[in-house]
Amino acid sequence: MDRLDSEILGILQQDARISYRDLGVRVGLSANAAADRVRRLRRDGVIRGFTTLVDPAADSRGGLLVFIDVTLRLDTGNDEFERAIAKLPGITEAVHVTGAHDYLVRARAADPAALDTLLRRLKTEAGVAQSNTRIALRAASREGPAAAGGSP
């Protein structure tokens, strides 16, 4: 990965829907050369995918958006935990973090009962020893356009 790849990644993180033509103009490449670099970054696993960020206030699915700080049991490894949560409904992201907890998990639950079920399953099926859950009340506006599904 070189300086241009880093620059491309920064632009895509701000606007994943940018056209290859516009991306190329911004980094000094042709549209085809920009597209080739993005394809290579995807093939090499640097870009794992594209996603859509939705404002929780505008999300018509309803329910609770929650953030769960997770501490794993001593006998649970990171790979084991990550495989287990991939099978649990409602989990949209898990980030391995520094500090007092092992992971920060973002999830959506239909209601408090569904959240309780998710928390119980994290402990019984994913090797979680302790958790601390916070419910999102609203989201402050963020800068930059939302990333979108699919390629630019």
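Helices are DSSP runs of at least four residues, marked H or I and numbered from the N terminus. In this predicted model, Arg120 and Asp116 both belong to helix α5, where four residues, about one turn of the helix, separate them. The protein chain as a whole contains five helices and four strands, arranged along the sequence in the order α-α-α-β-α-β-β-α-β. Of its 152 residues, 32% count as buried. Among contacts between residues at least 6 apart in sequence, 68% join residues at least 24 apart.

**Helix α5**

- Four leucines make up the buried residues of α5, namely Leu115, Leu118, Leu119 and Leu122. They cover an arc of only 95° around the axis, which places them on the same side of α5.
- An α-helix has 3.6 residues a turn, so residues three or four places apart point the same way.
- The partners against which the buried residues of α5 pack are β1 (64-72), α4 (78-85), β2 (91-96), β3 (103-109) and β4 (128-135).
- On the face of α5 turned away from its buried side are the exposed residues Ala113, Arg120 and Thr124.
- At the start of α5, the backbone nitrogen of Ala113 has a side-chain oxygen of Asp111 within 3.1 Å.
- Just after α5, Gly127 adopts a positive phi of about 75°.

**Salt bridges**

- The count of salt bridges comes to 12.
- One of them joins Arg37 to Asp5, with the closest N and O atoms 2.8 Å apart. This pair links distant parts of the chain, since Arg37 lies in helix α3 (residues 31-43) and Asp5 in helix α1 (residues 3-14), 32 residues apart.
- Both Arg37 and Asp5 are buried.
- Arg120 is exposed because its relative accessible area of 54% is over the 50% limit. Asp116, at 35% relative accessibility, counts as partly exposed.
- Through shared partners, salt bridges join Asp2, Asp5, Arg37 and Arg40 into one network.
- Another salt bridge connects the side chains of Arg21 and Asp22, at 3.1 Å from N to O.
- In that pair, Arg21 is exposed, with a relative accessible area of 55%, whereas Asp22 counts as partly exposed at 31% relative accessibility.

**Strand β3 and its neighbours**

- Strand β3 is largely enclosed by the rest of the structure, because five of its seven residues are buried.
- β1 and β3 run antiparallel and are joined by seven bridges. Val70 stands opposite Tyr103, a residue of β3.
- β3 also pairs with β2 in the antiparallel sense, over five bridges. Here Leu104 of β3 is the bridge partner of Val95.
- β2 and β3 form a hairpin with six residues between them, and in the turn Gly99 has a positive phi of about 105°.

**Asp69 in strand β1**

- Asp69 is located in strand β1.
- With a relative accessibility of 11%, Asp69 counts as buried, because the limit for a buried residue is under 20%.
- A polar contact of 3.0 Å connects the side chain of Asp69 with the side chain of Arg134.
- Leaving aside residues up to four places away in sequence, Asp69 touches His101, Tyr103, Leu104, Gln130, Ser131, Asn132 and Arg134.
- Among these contacts of Asp69 is Tyr103, the residue that stands opposite Val70.

Terms used:
Residues numbered from 1 in each chain as written. Predicted model: local features only at pLDDT ≥ 70, side-chain atom pairs only at ≥ 80, totals over all residues. Heavy atoms only, no water. Buried < 20%, exposed > 50% of the residue type's maximum accessible area, 1.4 Å probe, protein only. Helix = DSSP H or I, 4+ residues; strand = E, 2+ residues; numbered from the N terminus. Arc of directions from axis to C-beta. Contact = heavy atoms within 4.5 Å. Polar contact = N/O pair within 3.5 Å; in protein donor to acceptor, adjacent residues only side chain to side chain. Salt bridge = Lys/Arg side-chain N within 4 Å of Asp/Glu carboxyl O. Pairing = 2+ DSSP bridges.
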